Amino acid sequence: MRSAWLIPAVLLGLGTGCDNTPPQGPDVPGLFVLGVDGVDPTIVRHMVDDGRLPAFQALIDDGTFQLLGSTTPPQSPVAWSSFITGMDPGGHGIYDFVHRDAGNYHPISSATPPPSTVEPAKTLEIAGLYIPISGGEIENNRGGTPFWDYLQAAGVDVEVYRIPGNYPTPTSDAKVLGGMGTVDMRGGYGTYTWYTDQPILDTSEIKGEVKLVTVQDNDLDGAPETVISTIEGPPDLFHLPPGQEPHDGDYLSARVTVTIDPESDVALVEVGDSKAVLVEGGWTPWLTVDFEALPAHAMDMTGAVRFYAKELRPGFQLYASPVQIWPEDPAQVISSPDDFATQIYDRIGGFYTQGLPEETNALKDKLFDDGDYLSQVALVQQETQGMIDMALENFERGDMSFVYMSDLDLQCHMLWRHKDPKFAFAGRHPAYEPALAEEYANAIFDIYEHVDRSIARVRAALPPDTVFIVMSDHGFGPQTRSFHLNAWLRDNGYLVMKEGKRTGFLLTGDVDWSKTRAYGMGFNGLYLNLQGREAQGIVTDDQAGPLARELARKLSGWIDPDNGQRGIYQVDLAKDVYSGGRVAEAPDLIIGYDIGYAASDETTLGEVTEGIIEDNTSRWSGNHLGAAPLFSGILLTDQKLATTGHDLTDLPVSILDHFGLPPGPGMVGQSIFDN
């Protein structure tokens, strides 16, 4: 099932550029920030002590290394939104990867407002085509003003590469490429395609699209050599009635042909008008493909895809990446100004525009092994290094640049199961795979060393008086146990299923809302079924406070009955930890899980399971979606700082302070440069 919030209303964008010449910036040294998602301070300390991170060590010797407080909860979209705006979630309005639409209890992306609050698209039907004429525009749900807009207005040249949480792309004159949260051409967050001649009996849990193919003998020489199939691109919006979600068959498609060499493990891959030679175990370059949105090519949308040959013979297994918005000619706005993405393309070539580019889904689905996965990670790393090179080439004294590196976050999520890099005496992870662990036990350490080399390269290339900051949005830890919040709420009488039901989903009619007082949605959120707010709310305003405190008391310090360990470190009430104009949109309670524990995938999307707790046997084995005090990030700079105890909201204030600018309205942080 694909939710409507994944589908952009129209894959077109309006220009955001401005011809006005900015004023001259202040005469101060430049500032360069390297944002590395998921760097953990404990792991850094261990590896520095072992002499494995010389660039980290040099920065520590010359400047300052501190913990950097994350957000509540320490989730990437929440944390990066605070870094961007200088606000806590109560100000910017991003509380989780997944929010809920109070009008129907549906899970929705935090990146965009609830569909019920967006003006429906108006269309004109002509000859069976639905032509949009107004409404339906999707806006970024993040509130506040990004720090780069203040800098740009003050005449500071700003470049920001792959910043999370900047899609849909807000209008700005600063050069900003969005990252995490940017959709693929299908309108989702990464739907790969798997072509195979080996039937997969159960595809219900697979997050990609599986296409069963046959290797045919097209040249009639007795040796099968040709596979013919299709790949899906953007939704066929001009044939979809307004408000209807696309399902199978509702996407524009292009033909894919693979011709296998009769003597060697090599194939020719053709998609649209593009082609490339592919070696078994190898990747094609980016191949562009045009999708015909309107007849007679009146509107074509260009995407791009990379193929990976898992196996060409005797079996056939071919992977195709999610179709990317092609930066040379973006089908929708993914940067500000519009052509910044194209400028990056002109400098480094094609790159992943999808917000989470690493192919974690194929690894979770066990169609990739770790070697396949890391070969794809290397492609992402190469592209990131290209962006770093471009940022350094463009950087001059007085400029401000930010480059985001995804290197560690998703790799820690996926590879923690082999060997715990943080806790030396940790036992085997429930998802431990002996054969793979032997080969990939040190993979996370290797990626830290890759980041270390990047730090050294950046520092060596910067003008000598540049202020250099390396930071992360949160730390990391294991996830060995998964907690089913809605099952706990059911068993404790707060969530009531309809008669004859014990399991089910919040949004499919399985819950008796006339008796339900609370429900879980998202990775850390718990909502009261509040009267006048939720569609079928029953909890009155007078009851809400006592109920919230009761839930917090019962959940705080919850003990895992299977091992006697504490699974929940703390539970916060939104009104106690958030400030700003959007606190009312927050979950009523934020569950802060202890080390080793996290919400189950089922909880995140509103499922009610049979049991409350279980081992996490998923390859998604590392996590940081717990209590904020347990998952601090890092602050590392070549400056000697006199103050400590900083958090993410301090950094945008510090960036503005460096250029002589005051904090923007609503910013709550303090400058790290204050003496």
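**Figure 1. A salt bridge between R306 and E383 in the predicted model****.** In this predicted model, R306 and E383 form a salt bridge whose closest N and O atoms are 4.0 Å apart. R306 lies in the loop between β16 (299-305) and β17 (307-311), whereas E383 belongs to helix α8 (residues 370-394), so the pair ties together parts that are 77 residues apart in sequence. Both partners, R306 and E383, are buried.

**Figure 2. Two further salt bridges, K211 with E232 and D594 with R566****.** Side chains of opposite charge can pair when their charged atoms come close. A search of the whole structure finds 34 salt bridges, and one of them joins K211 to E232, with the closest N and O atoms 3.0 Å apart. This pair links distant parts of the chain, since K211 sits in strand β10 (residues 209-212) and E232 in strand β11 (residues 226-235), 21 residues apart. K211 and E232 are both buried. The side chains of D594 and R566 also meet in a salt bridge, at 2.8 Å from N to O; D594 is in the loop between β28 and β29 (596-599), and R566 is in the loop between α13 (541-555) and β27 (568-573), 28 residues apart. D594 counts as buried because its relative accessibility is 11%, whereas R566, at 38% relative accessibility, counts as partly exposed.

**Figure 3. Strand β26 and its two partner strands****.** Strand β26 (residues 525-528) is covered on both faces, with G525 and Y527 buried on one side and L526 and L528 buried on the other. Strand β25 (residues 518-521) pairs with β26 in the antiparallel sense over 4 bridges, and within this pairing Y519 has Y527 as its bridge partner. The two strands β25 and β26 form a hairpin with 3 residues between them, and G522 in the turn has a positive phi of about 85 degrees. Strand β28 (residues 589-593) also pairs with β26 in the antiparallel sense, over 2 bridges, and here L526 stands opposite L589.

**Figure 4. The buried face of helix α2****.** In helix α2 (residues 54-62), the residues A55, F56, L59 and I60 are buried. Seen down the axis of α2, the buried residues fall within an arc of 140 degrees, so they line one face of the helix. These buried residues pack against α1 (41-49), β2 (64-68), α11, β22 and β33 (633-637).

**Figure 5. The surroundings of T466****.** T466 lies in the loop between α11 (443-461) and β22 (467-471), and T466 is buried, with a relative accessible area of 5%. The side chain of T466 reaches the backbone oxygen of P463 at 2.9 Å. Leaving aside neighbours within four places in sequence, T466 is in contact with G30, L31, F32, F395 and D638.

Definitions and conventions:
Residues are numbered from 1 along each chain as its sequence is written. This is a predicted model: local features need pLDDT of at least 70, side-chain atom pairs count only at pLDDT 80 or more; totals for chains, interfaces and linings use all residues. Side-chain values use heavy atoms; hydrogens and water are left out. Buried means under 20% relative accessible area, exposed over 50%, partly exposed in between (1.4 Å probe, protein chains only). Two strands pair if DSSP finds at least two bridges between them. A polar contact is a pair of N or O atoms within 3.5 Å; within protein, one must be able to donate a hydrogen and the other to accept it, and residues adjacent in sequence count only if both atoms are side-chain atoms. Contact means heavy atoms within 4.5 Å. The arc is that of the directions from the helix axis to the C-beta atoms.
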